[in-house]
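Have a look at the model, try each task, then read through the solution.

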Amino acid sequence: HLKEVVGRAVQNLPEHHRIVFVLRELEGRTYEEIAEITDTNLGTVKSRLNRARNNFARIVAPMVD
């Protein structure tokens, strides 16, 4: 059940947030690797990841309750 909830929540993230979220949280990539893969600077990766984590938590909360 939890895997399904996580999958749905990840799919609800905007694409640019979903990509960095999956690379970091599910694949364990470093910030530097993510910046290289996505061709963005490190600050942008960190910002997008922070927003992605916040959105993920907001999306998951009602699914878990």
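**Exercise 1.** Work out how R29 and E27 meet, and whether each is buried or exposed or something in between.

*Solution.* Start with the contact: the R29 and E27 side chains form a salt bridge, 3.5 Å from N to O. That term means a side-chain nitrogen of Lys or Arg within 4 Å of a carboxyl oxygen of Asp or Glu. Next, check accessibility: R29 comes out partly exposed at 31%, and E27 is partly exposed too, at 45%. On this scale buried is under 20% relative accessible area, exposed is over 50%, and partly exposed sits in between (1.4 Å probe, protein chains only).

A word on the ground rules: this is a predicted model, where local features need pLDDT of at least 70, side-chain atom pairs count only at pLDDT 80 or more, and totals for chains, interfaces and linings use all residues. Residues are numbered from 1 along each chain as its sequence is written, and side-chain values use heavy atoms, leaving out hydrogens and water.

**Exercise 2.** Find what joins E25 to R53, and which helices they sit in.

*Solution.* First, their side chains meet in a salt bridge at 2.5 Å, N to O. Then place them: E25 is in helix α2 (residues 15-26) and R53 in helix α4 (residues 42-64), so this pair ties together parts 28 residues apart in sequence. Helices here are DSSP runs (H or I, at least four residues), numbered from the N terminus. Finally, E25 is partly exposed at 37%, and R53 is partly exposed at 32%.

**Exercise 3.** How many salt bridges does the structure hold?

*Solution.* Three.

How values were computed. Helices (H or I, at least four residues) and strands (E, at least two) are DSSP runs, numbered from the N terminus.
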